[in-house]
Amino acid sequence: MRDVHLSRRLLIGALAAASVAGCASRPINQPITHVDTTSGYRTSVHLAKLQNNDPDTLILLAFSGGGTRAAAFSYGVLEELRRTAVVVDGQHRRLLDDVVLITGVSGGSFTALAYALYGDQLFSEYETRFLKRDVQGALTRRTLNPFNWPKLIGGSYGRSELAADYYDEILFQGATFADLRDKPTPTAVAAGTDLSNGARLEFSQNDFDLLCSDLDKVHLARAAAASSAVPVVLSPVTFNNYAGSCDYTYPAWVTEITNPNNGSLPGGRELQRYHDIQDFLNSKEHPYIHLVDGGIADNLGVRAILEALGEFETNAAYRAAFHFNSTTGLPRRLVLIVVNSLMSPTTDWDKHESPPGMVSELLQSSGVPMERYSHESVELMKDMVHSWQTQRELQILQARLAGEFGADAEARMPKIDVFAIDISFEQLADPKERSYFLNLPTSFVLKPEAVDRLRAIAATLLRQSAEYQRLLKEVGAVSPK
């Protein structure tokens, strides 16, 4: 009886607090009055500050979505790259030191952002602070706690803001993107999906320039919350759109494809991204941007990299922005590792006349297209690599036919060896092992054993990749410690 009275008093106290507190408000992202493409947290600026990477080898990592499963799987890849020693100019170093960019969505965004913030410190803390913590249970308890209801009733502070506060407490400790600007770690790019039009919005100053907003003051925890805001389960994360107030100008590739002298607009990714940019720039119709799980727009986190590679291939101005030109030289090796923690749970739905329940139907209807889209992205990545190789061979042939063997012809045909590495659970040969990993839930809680198995299998799959073995031979890798 005493417990009943205590519960009633707690409930009454919470309701009283709600009546006094009113509606809680979300954090407001700050505007900028002028775009400065030479500053802010953007890949082209941050890459120039990295001092420890081998300029001959650039490694790009793409971490997919999938809750703690994705976070642990991607972390296992970081661990393996850290264990892999290479010799560059007589100096021993780690392959991890050559990672310059990590993109992440949903669960993968936590590993990407946390490594960018902590660097090597992450390897002694990530397990206890996040991977082996019951994050989902803690979020559920906080949502059900009556003392948090005043924040959640009305206003713009939703369940994802409550989650962001928790992520800040256990992992990010109040860090903002400004805290990443001078870190000697790879650029980390988390992404969310605009609920209105399905467009990808990256937590990079390049994309925040579209909104005329300052990314520096945005907390990493809010970025992670937006990137993992599964619709219905969690609320969208909202940002103010100040577009039109900061003298924004289109990047060079947009200017090129919209040039009337080029005939007509191209199709494909460039045109779609151009339309996305136009939507973001229309703040009159879109004064607020509501972001949900980044996996809806790109469950592998690889689309931004594919677009960047396409621009790198065709746009000299883009290469110059990354300090790759005939003066400073080009990297000899470009490595793209896609860490795909796809889920394919076993069901018996087709054995019964009655369809599955509403919740199962909702999860499956959103998950299946995302996974099929992920497969398409991987194939597109491989096609792009093949296209690069074919184009270079044709250019060399044309140069030889024209009698061009000088430095100018060589500069127009950059010698870049591209390594496209995709690791996923589908590559496991053992049916039982493959089924185990494919059936792990998309949630923010896993048993410690599952976390350890995910880390171990990530390292195994990476080592088993033929492209990765080719890379190790090229860079002069030595036996792991």
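This is a predicted model: local features need pLDDT of at least 70, side-chain atom pairs count only at pLDDT 80 or more; totals for chains, interfaces and linings use all residues.
Figure 1. When the neighbours within four places in sequence are left aside, Thr 68 is in contact with Leu 131, Ser 443, Phe 444, Val 445, Leu 446 and Val 451.

**Figure 2. Ser 424 in strand 10.** Strand 10 spans residues 417–424, and Ser 424 has its place there. This serine counts as buried, since its relative accessibility is 5%. Apart from its neighbours within four places in sequence, Ser 424 is in contact with Asn 340, Leu 342 and Leu 461.

**Figure 3. The disulfide of Cys 212 and Cys 246.** The structure holds one disulfide, formed by Cys 212 and Cys 246, whose sulfur atoms lie 2.1 Å apart. In general terms, a disulfide is a covalent bond between the sulfur atoms of two cysteines. The angle about the S-S bond is -75°, and the link between Cys 212 and Cys 246 is left-handed. Cys 212 sits in the loop between helix 9 (205–210) and helix 10 (220–227), whereas Cys 246 sits in the loop between strand 7 (237–240) and helix 11 (252–257), so the bonded pair ties together parts that are 34 residues apart in sequence. Both cysteines, Cys 212 and Cys 246, are buried.

Figure 4. Asp 247 lies in the loop between strand 7 and helix 11, and its phi is near 60°, a positive value in a residue other than glycine. With a relative accessibility of 57%, Asp 247 counts as exposed, because the word is used for values over 50%. Val 232 is found in the loop between helix 10 and strand 7, and its phi, near 80°, is likewise a positive value in a residue other than glycine. The relative accessibility of Val 232 is 63%, and therefore this valine also counts as exposed.

Figure 5. Rolling a probe the size of a water molecule over the atoms shows where empty space is left. A search of the whole structure finds one cavity of 30 Å³ or more, and the space in the largest cavity comes to about 50 Å³. Its lining is made of Thr 103, Gly 104, Val 105, Val 189, Ala 191, Arg 200, Glu 202, Asp 298, Gly 301, Val 302, Arg 303 and Ala 304. Two or more of the lining residues come from each of strand 4 (99–104), strand 5 (187–194), strand 6 (200–202) and helix 13 (303–314). Sorted by class, the lining has five nonpolar, three polar and four charged residues.

**Figure 6. Glu 202, one of the residues that line the largest cavity.** Glu 202 lies in strand 6 and is buried, with a relative accessible area of 12%. The C-alpha atoms of Glu 202 and Ala 191 are separated by 4.2 Å, while the two residues are 11 residues apart along the chain. Leaving aside the neighbours within four places in sequence, Glu 202 is in contact with Val 189, Ala 190, Ala 191, Asp 207, Phe 208 and Ala 304.

**Figure 7. The whole chain, as a setting for the close-up views.** The chain has 19 helices and 10 strands, and of its 481 residues 50% count as buried. Among the contacts between residues at least 6 apart in sequence, 81% join residues that are at least 24 apart. The chain exposes about 22,800 Å², of which carbon and sulfur atoms supply 54%.

Terms used: Residues are numbered from 1 along each chain as its sequence is written. Side-chain values use heavy atoms; hydrogens and water are left out. A disulfide is a pair of cysteine sulfur atoms within 2.5 Å. Helices (H or I, at least four residues) and strands (E, at least two) are DSSP runs, numbered from the N terminus. Buried means under 20% relative accessible area, exposed over 50%, partly exposed in between (1.4 Å probe, protein chains only). On a 1 Å grid over the protein atoms alone, a cavity is a set of points where a 1.4 Å probe fits but cannot get out, and a pocket is an open set with protein on both sides within 12 Å along at least five of seven lines; lining residues have an atom within 4 Å of a point. Grid points are joined across faces, edges and corners, and a volume is the space filled by probe spheres set on the points. Ala, Val, Leu, Ile, Met, Phe, Trp, Tyr, Cys and Pro count as nonpolar, Asp, Glu, Lys and Arg as charged, and the others, Gly among them, as polar. Contact means heavy atoms within 4.5 Å. Accessible areas come from the Shrake-Rupley method with a 1.4 Å probe; for residues, only the protein chains shown count as cover.
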